[in-house]
Amino acid sequence: MSAPATHAALAIEADGLYLIYRERDVETVALRGAEISLPEGAWTSLMGPSGSGKSTLIHVLGGLLDPSGGRVLIRGEDLTRLPQAERALRRRRHIGMILQRDNLHPLLDVAGNVALTLRLDGRPAAQVRARVAELLARVGLSAHARQPIGKLSGGEAQRVAIAAALAPRPDVLLTDEVTGELDEETAGEVLDLLADVRAREGTAILTVTHNPLVAERADRMLRMRDGIVIEAGRGTDSG
Ligand SMILES: Nc1ncnc2c1ncn2[C@@H]1O[C@H](COP(=O)(O)OP(=O)(O)OP(=O)(O)O)[C@@H](O)[C@H]1O
Ligand SMILES: [Mg+2]
């Protein structure tokens, strides 16, 4: 089946998402029919109370968790139907992710982290070097290329994570509390960087955040509650 033409303008589209965590005999329904679409080149922000399912949604959109129900379309194509290896490849090429924690490989230095997905993708060494140099310059860390990850400040580490996520020129960048542990000034720099990336490369961005300053930078603001995405300003908030 070919995807309807309306999908062309959406970088990611997901609907009917259910995700149930099972731990011993405890079940947590983290997503209950969530739907979301991320238009190409748009900056969407997602807010919502702690435990409402935001990180779970990011994991499912990025293919790190399999939903118990529903589907995720990447540029109109259903990833959940692809074999595991093919899915991993698509994910690596089309989706950049910055998670709430543990984004960087502690045994690789700064340049090694930025190069990682390109190397996994089998890109030629010269191409990898050029892209890494370009990205490190862009995030202001050229002088730190050989620095071990454990010796970076929080803001520097976050900039490395952004450079690493952007290395393969993904269509979409999914970020979870990207400014979470940064002071206001450093957070502002990280947000400027995201805005710059979007302007230059047309990357669609999702920022999951508790910070209203982050949400303000976005074109669209969505909210999540009890495992469902609620469109902001749609008047669904009564009661
Ligand atoms: N690995 C897991 N195993 C079991 N339950 C989990 C797991 N991860 C999350 N949960 C539960 O699923 C629900 C949604 O969690 P999630 O991390 O998606 O929330 P969140 O909106 O990102 O919250 P926060 O704003 O605090 O980051 C919560 O009730 C949480 O306790
Ligand atoms: Mg979270």
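Residues are called buried under 20% relative accessible area, exposed over 50%, and partly exposed in between, with a 1.4 Å probe and protein chains only. Arginine 169 belongs to the loop between α5 and β7 (172–176). Helices (H or I, at least four residues) and strands (E, at least two) are DSSP runs, numbered from the N terminus. Although arginine 169 is not a glycine, its phi is positive, at about 55°. Residues are numbered from 1 along each chain as its sequence is written, while chains are lettered from A and ligands numbered from 1 in the order in which they are written. Because the model is predicted, local features need pLDDT of at least 70 and side-chain atom pairs count only at pLDDT 80 or more, whereas totals for chains, interfaces and linings use all residues; side-chain values use heavy atoms, with hydrogens and water left out.

**Aspartate 226, an exposed residue with positive phi.** The loop between β9 (220–225) and β10 (228–231) holds aspartate 226. Its phi is positive, about 50°, although aspartate 226 is not a glycine. With a relative accessible area of 56%, aspartate 226 is exposed.

**The whole chain, given as context for the close-up views.** Seven helices and ten strands make up the secondary structure elements of the chain. The chain has a radius of gyration of 18 Å, close to the 18 Å that the globule rule gives for 239 residues, so it is as compact as a globular protein of that length. This radius is taken over C-alpha atoms, and the globule rule is 2.2 Å times the number of residues to the power 0.38. Along the principal axes, the C-alpha atoms fill a box of roughly 50 × 45 × 40 Å. Of the 239 residues, 47% are buried. Contact means heavy atoms within 4.5 Å; among contacts between residues at least 6 apart in sequence, 71% join residues at least 24 apart.

**The largest nonpolar core, with 37 residues.** The residues with the most contacts inside this core are Leu136, Val160, Ile162 and Leu194. At least two of its residues come from each of α3 (110–120), α4 (125–138), α5 (154–166) and α6 (184–201). Helix α5 supplies seven residues, the largest share. A nonpolar core is a set of buried Ala, Val, Leu, Ile, Met, Phe, Trp, Tyr and Cys residues joined through side-chain atoms within 4.5 Å. In soluble globular proteins, nonpolar side chains tend to be buried together. Isoleucine 162 is in contact with Ile98, Val178, Val190, Leu193 and Leu194, leaving aside its neighbours within four places in sequence. Another core lies apart from this one and has 29 residues, among them Leu46, Ile74, Val172 and Ala204.

**Isoleucine 149, a buried residue in the loop between α4 and α5.** Isoleucine 149 sits in this loop and is buried, with a relative accessible area of 12%. Neighbours within four places in sequence aside, its contacts are Leu104, His105, Pro106, Leu108, Asp109, Val110, Asn113 and Val160. Alanine 111 is 38 residues from isoleucine 149 along the chain, and the two C-alpha atoms are separated by 9.8 Å.

Leucine 182 lies in the loop between β7 and α6, whereas alanine 187 lies in helix α6. Leucine 182 counts as buried at 17% relative accessibility, and alanine 187 is buried with a relative accessible area of 6%. Beyond neighbours within four places in sequence, leucine 182 is in contact with Gly154, Gly155, Gln158, Ala187 and Val190. Not counting residues up to four places away in sequence, alanine 187 touches Thr179 and Leu182. For alanine 187 and glutamine 158, 29 residues apart in sequence, the C-alpha to C-alpha distance is 9.6 Å.

**Serine 45, a buried residue of strand β3.** Serine 45 is found in strand β3 (residues 43–47). Its relative accessible area is 0%, so serine 45 is buried. Residues up to four places away in sequence not counted, serine 45 touches Thr207, Thr209, Ala215, Ala218, Arg220, Met221 and Leu222.
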